[in-house]
Amino acid sequence: MEGQSVEELLAKAERDEAEKLQRITVHKELELEFDLGNLLASDRNPPTGLRHAGPTQEAELRALARDNTQLLINQLWQLPTDRVEEALVARLPEPTTRLPREKPVPRPRPLTRWQQFARLKGIRPKKKTNLVWDEGSGQWRRRWGYQRARDDTKEWLIEVPGNADPMEDQFAKRIQAKKERVAKNELNRLRNLARAHKRQLPSAAGLHPTGHQSKEELGRAVQVAKVSTASVGRFQERLPKEKAPRVSGKKRKFQPLFGDFAAEKKSQLEMLRIMNSKKPQLDVTRATNKQMREEDQEEAAKRRKMSQKGKRKGGRQGPGGKRKGGPPSQGGTRKGGPPSQGGTRKGGPPSQGGKRKGGLGGKMNSGRPGLSGKRKGGQHQGGKRRK
Amino acid sequence: MEFCIKRSLFFNIRKNITRPFEDQTSLEFFSKKSDCSLFMFGSHNKKRPNNLVIGRMYDYHVLDMIEVGIEKFVSLKDIKNSKCPEGTKPMLIFAGDDFDVTEDYRRLKNLLIDFFRGPTVSNVRLAGLEYVLHFTALNGKIYFRSYKLLLKKSGCRTPRIELEEMGPSMDLVLRRTHLASDDLYKLSMKMPKALKPKKKKNVSHDTFGTTYGRIHMQKQDLSKLQTRKMKGLKKRPAERKAEDQEKKSKRIKKD
């Protein structure tokens, strides 16, 4: 008997629950699509009940709205909630509807001077540990920043170097040097920023044909279109009465055809003198530098391409790291000037490593023939370049 | 609907914008000057009575413009009841399968979401959800109704909803459209890398729905691992003696 009443109670409780749930459940043929980040619900069910317009249409619309809103509210009430100052607040997810932007995506900033240089040389950032062991304090300290490991301004004892003025304040000297470094860094940062803001490429948004463009806009679009060919607009035909476009760029100034006879005679004789002289008018230093720079660029570009391919195919090891040394120090030109040592190399044995193009007339092989030519397998030859 | 409209921007039509569909330069000029990208333009003439043009801009150039005609209009003032405060974020509901069938309707839905959704928020006060905008596409017309939300007690945590018609209601008929070309639309949808959803690393999914995770461990000295103590498997003294004797005999044999 008690068992029966317990059963009855349970059944009654179930019925009550179902009744309560009924108040908030809505039956729909197709489930709604929700975008809770935007508080949005889309109902794909065709509104069949409202096909016939009539006096009851408002009420039917309202019933449909009520059902849809109930479903949306059910979803919203299931979100995780916080209690913020006595109010129950639901945490909304990210909106999923893709809406067009108001303004175009910001353009990538131009590279800073260091980034350009690193790109050219092929320098990649070395992975460094966050903490460094500091002997003095006997603990792990930051590499840079507050309470860093090697802060030379915080030393309590500085030996006066032999050639310095004994009355000079070494501590103040270090602090001053640091201030100068900070100021220089700030200056460079501001310069990079200024460079970034000066260059702004024109956006392509105004050049799409809409059918309602003014004369100036059309003219601008025509100009841009003309110059967008492989020959940069050199062979584009013009309409019969069209005027030649104004060349905007650096204005070249030429000397007048005949005027200063004395100056002309002088310049001609100077040219003849140079042509007759035996000594090369070549600045070897500059030539070598230029050569080295070109090669560095090629190498870095190649390495970048390899590493990109490697990343795409899933991290293969690229063909070696940096090479030790570089092109030989024998006079830079390809035309084969007299082989002079020096150039930019400060000491250091000549003819290091392998030049890809095979070197100048075989004089290179006095060094290490093993390293010349192609790199062998993925040898990671680190180390700095010797200048 | 009043939330974001800057008061200074109700321009005098007679002097300035006449026909948005013919000449868009004045629209673009105003958008540039006021730094607004959404606009609504109303007009009335014999050919197009009760005309409303809703549009949006990308980079101060017209992206989409849709012209609708208003057939039945009931304003806020006509319905006499209390309204919800200005600036509430509304809930948007689109009903009807028409909104996914035609390109025009799809863009219109996108445009209406963009227009009415309000500022993006990460949290919302559940008791503060008061405003619902309901769009029904039926028989070539779009019924726009706004309701105020009343939360009633139901037995459980989620309340039961009752709606009260509050705000403006309109019956709209689609007239002309000026939709952006595909490539311009694509350009406007471009998201910068920083906003793209970040991929979770070290998590992979099976075709069966199992999620696999990957943990990276440092090298462990397995001999020094502390495992569970299985007392039952512990060697008893008698057994240990027997083992020792065995080992000794083996060693003697080897030697």
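In the predicted model, the side chains of B:Asp100 and A:Arg44 meet in a salt bridge, with N and O 2.3 Å apart. B:Asp100 lies in helix 2 (residues 98-101) of chain B and A:Arg44 in the loop between strand 2 and helix 2 of chain A, so this pair joins two chains. B:Asp100 is partly exposed, its relative accessible area being 24%. A:Arg44 is likewise placed in the partly exposed class, because its relative accessible area of 31% falls between the limits of 20% and 50%.

A:Arg44 also forms a salt bridge with A:Glu33, for which the closest N and O atoms are 3.2 Å apart. This second pair links distant parts of the chain: A:Glu33 belongs to strand 1 (residues 33-35) of chain A, whereas A:Arg44 sits in the loop between strand 2 and helix 2, and eleven residues separate the two. A:Glu33 has a relative accessibility of 38% and therefore counts as partly exposed.

Helix 4 (residues 182-189) of chain B supplies six residues, the largest share of the side of chain B that touches chain A. By residue class, the side of chain B that touches chain A divides into 33 nonpolar, 16 polar and 20 charged residues.

The overall extent of the interface was also computed. In total, 69 residues of chain B are in contact with 55 residues of chain A. The area buried between the two chains is about 5900 Å², and carbon and sulfur atoms give 60% of this area. Across the same interface of chain B and chain A, 25 residue pairs are in polar contact, with both residues at pLDDT 80 or more.

Strand pairing also joins the two chains. Strand 2 (residues 40-43) of chain A and strand 4 (residues 91-95) of chain B run parallel and are joined by four bridges. Within this pairing, B:Leu92 in strand 4 of chain B stands opposite A:Leu40.

A:Arg66 provides a further link to chain B. The residue is located in helix 2 (residues 57-77) of chain A, and its side chain reaches the backbone oxygen of B:Ile161 at 2.8 Å. Leaving aside residues up to four places away in sequence, A:Arg66 touches A:Val26 in its own chain, together with B:Arg160, B:Ile161, B:Glu162 and B:Leu163. A:Arg66 counts as buried because its relative accessibility is 11%, which is under the limit of 20%.

B:Ser31 is found in helix 1 (residues 25-34) of chain B. Its relative accessibility is 5%, and B:Ser31 therefore counts as buried. When residues up to four places away in sequence are not counted, B:Ser31 touches B:Cys36, B:Met57 and B:Tyr60.

Chain A contains seven helices and six strands. Along the sequence, these elements follow the pattern α-β-β-α-β-β-α-β-β-α-α-α-α. Of the 387 residues of chain A, 22% count as buried. Among contacts in chain A with a separation of 6 or more, 51% are accounted for by residues 24 or more positions apart.

Over all chains, a search of the whole structure finds 28 salt bridges. Side chains of opposite charge can pair when their charged atoms come close. One such pair within chain A is A:Arg273 and A:Glu270, whose side chains meet in a salt bridge with an N to O distance of 2.8 Å. Because A:Arg273 and A:Glu270 are three residues apart in helix 6 (residues 261-276) of chain A, about one helical turn separates them. A:Glu270 is partly exposed, with a relative accessible area of 37%. In chain B, salt bridges that share partners join B:Arg56, B:Asp64, B:Glu103, B:Arg106, B:Arg107 and B:Asp114 into one network.

Notes
Residues numbered from 1 in each chain as written. Chains lettered and ligands numbered in written order. Predicted model: local features only at pLDDT ≥ 70, side-chain atom pairs only at ≥ 80, totals over all residues. Heavy atoms only, no water. Contact = heavy atoms within 4.5 Å. Buried area = accessible area lost by both parts, 1.4 Å probe. Polar contact = N/O pair within 3.5 Å; in protein donor to acceptor, adjacent residues only side chain to side chain. Nonpolar A, V, L, I, M, F, W, Y, C, P; charged D, E, K, R; others polar. Pairing = 2+ DSSP bridges. Buried < 20%, exposed > 50% of the residue type's maximum accessible area, 1.4 Å probe, protein only. Salt bridge = Lys/Arg side-chain N within 4 Å of Asp/Glu carboxyl O.
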